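This briefing is meant to be read alongside the sequence and the structure shown here.

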Amino acid sequence: MLRLQRLCRQAVQRTGQSKILSWFEGVKALAGAFPTAGNTGNLRNPSTRWTRVQISKKPLCSGVSPRPTGRVIARLKASLRHLAIPTICVLCQQSTPADSLCALCRESLPWNVRPCRRCAAGELPRGIDLCADCQRRPPPFCRTLAPLQYRGPSARWVVQAKRQAGGVAARLLGRLLADAVAAHYEPEQLPDALVVVPVSWQRLLRRGHNQAVLIAEPVCRATGIPLQRRAVARIRHTAIQPGLSTRARLANVRAAFKARRIWHGESVALIDDVMTTGATASALSEVLLDAGVAEVHVWCAARAAVS
Ligand SMILES: [Zn+2]
Ligand SMILES: [Zn+2]
């Protein structure tokens with residue numbers, strides 16, 4: 001905060017004003033003095049970027065009206081976003097040069113190797129596509145993509161994405177999932193729409209976000225598949241899933257969801273952070289299939305081991 005105040009003071013001086021009139025004016029001047037392009041400085045390691053930013057010659061508030069315009073507010077928001085979210089690794093909290101996941105943590109991730117094509121449970125022998133469970137009792141969804149196993153660092157990452165301030169972690173999971181989609185799907189195999197697993201309003205109120213939406217957004221941007229945010233609703237609050245037995249979990253999610261629109265034979269990718277037993281994905285897939293969806297793919301960041 002002290003550094004921010006000092007930067008504001010410098011920015012006011014650079015933009016030609018004689019003194020700081022208010023905190024807000026200082027922040028406005030900062031938005032002008034350090035424009036968004038290239039302004040990705042890391043406050044914990046300021047030597048990396050701050051020396052390279054271009055200083056704006058023109059003060060932002062030089063007009064007649066003292067009221068900030070929409071453009072000023074947009075630049076201010078962008079500048080503050082870069083100031084508030086330094087580039088630190090989401091797993092080890094160390095400063096990283098470019099990404100929000102450092103090279104060491106990326107190497108330590110447990111990748112989901114040779115998973116079942118239908119439910120993403122791994123690791124199957126070479127040449128085998130489906131696990132014994134899926135051969136015996138196929139789930140209602142046709143294919144599951146889960147690049148990570150849900151254990152160790154990836155489990156910590158997923159838990160972090162659920163927390164109140166877990167936006168960065170969730171979006172980074174989304175980017176990882178988008179990379180996996182690009183690696184495993186041909187363009188013509190891509191589904192027609194993205195649907196997220198909804199959370200109850202009680203959970204949304206507590207967390208402030210639905211992590212599945214934050215994961216879906218980078219996937220939507222990378223693939224160009226439209227995101228249907230309100231295609232399904234959770235009509236019943238269900239208890240936290242981990243810790244419940246499979247039977248209890250199935251009973252818990254049954255009738256918890258309802259479709260909010262009619263589909264006409266489209267294929268859909270259902271997006272969530274983690275698949276544990278697959279009970280939630282199965283329940284939602286049945287709801288979507290009943291509403292007219294032709295086939296459901298499940299795309300989640302991590303897959304828990306089948307017990
Ligand atoms: Zn790290
Ligand atoms: Zn399977």
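**Helix packing and overall make-up**

In this predicted model, helix 6 and helix 7 pack with their axes 7 Å apart and at an angle of about 125°. The chain as a whole has 11 helices and 8 strands, and 36% of its 307 residues count as buried.

**The helix 6 and helix 7 pair**

- Two packed helices are described by the angle between their axes and the distance between the axes.
- The crossing that helix 6 makes with helix 7 is left-handed.
- On the helix 6 side, the residues that meet helix 7 are Trp 157, Gln 160 and Ala 161, and their partners in helix 7 are Ala 169, Ala 170 and Leu 173.

**The largest nonpolar core**

- In soluble globular proteins, nonpolar side chains tend to be buried together.
- The largest nonpolar core holds 60 residues, and those touching the most other members are Leu 173, Ile 215, Val 219, Leu 270, Ile 271 and Ala 301.
- Two or more residues of this core come from each of helix 6 (152-162), helix 7 (167-184), helix 9 (211-223) and helix 11 (279-290), and likewise from strand 3 (193-196), strand 7 (267-275) and strand 8 (295-303).
- Helix 7 gives the largest share of this core, with 8 residues.
- Leaving aside residues up to four places away in sequence, Val 219 touches Gly 174, Leu 177, Ala 178, Val 181, Leu 194, Ile 271 and Trp 299.
- Across the chain, 69% of the contacts between residues at least 6 apart in sequence join residues at least 24 apart.

- Helix 7 has 18 residues and spans 26 Å from its first C-alpha to its last, close to the 26 Å expected at 1.5 Å a residue.
- The buried residues of helix 7 are Ala 169, Ala 170, Leu 172, Leu 173, Gly 174, Leu 176, Leu 177, Ala 178 and Val 181, and these pack against strand 1 (143-145), helix 6, helix 9, strand 7 and strand 8.
- Helix 11 has 12 residues and reaches 17 Å between its first and last C-alpha, close to the 16 Å expected at 1.5 Å a residue.
- Helix 11 is mostly covered, with 9 of its 12 residues buried, including Ala 279, Ala 283, Leu 284, Val 287 and Leu 288 as well as Thr 280, Ser 282 and Ser 285.
- After helix 11 comes Gly 292, whose phi is positive, near 110°.

**Backbone geometry in the loops**

- Most residues other than glycine have a negative phi, and most peptide bonds are trans.
- The peptide bond from Gly 122 to Glu 123 is cis, with omega near -5°, and Glu 123 lies in the loop between helix 4 (103-108) and helix 5 (132-136).
- Arg 114, which is found in the loop between helix 4 and helix 5, has a positive phi of about 45° although it is not a glycine; Arg 114 counts as partly exposed because it has 13 C-beta neighbours inside 10 Å.
- Gln 93, placed in the loop between helix 3 (70-84) and helix 4, is not a glycine either, yet has a positive phi of about 65°; with 10 other C-beta atoms within 10 Å, and 12 or fewer being the cut-off, Gln 93 is therefore exposed.

Note on methods: Residues are numbered from 1 along each chain as its sequence is written. Chains are lettered from A and ligands numbered from 1 in the order in which they are written. This is a predicted model: local features need pLDDT of at least 70, side-chain atom pairs count only at pLDDT 80 or more; totals for chains, interfaces and linings use all residues. Helices (H or I, at least four residues) and strands (E, at least two) are DSSP runs, numbered from the N terminus. A residue is buried if 20 or more other C-beta atoms lie within 10 Å of its own, exposed if 12 or fewer, and partly exposed in between; C-beta atoms are placed from the backbone. Two residues are in contact if their C-beta atoms, placed from the backbone, lie within 7 Å. A nonpolar core is a set of buried Ala, Val, Leu, Ile, Met, Phe, Trp, Tyr and Cys residues joined through C-beta atoms within 7 Å. The expected span of a helix is 1.5 Å times one less than its number of residues. Axes are lines fitted to C-alpha atoms, for helices over the stretch in contact, and angles run from 0 to 180 degrees between N-to-C directions. A crossing is left-handed if the near helix is turned anticlockwise from the far one by less than a right angle, and right-handed if clockwise.
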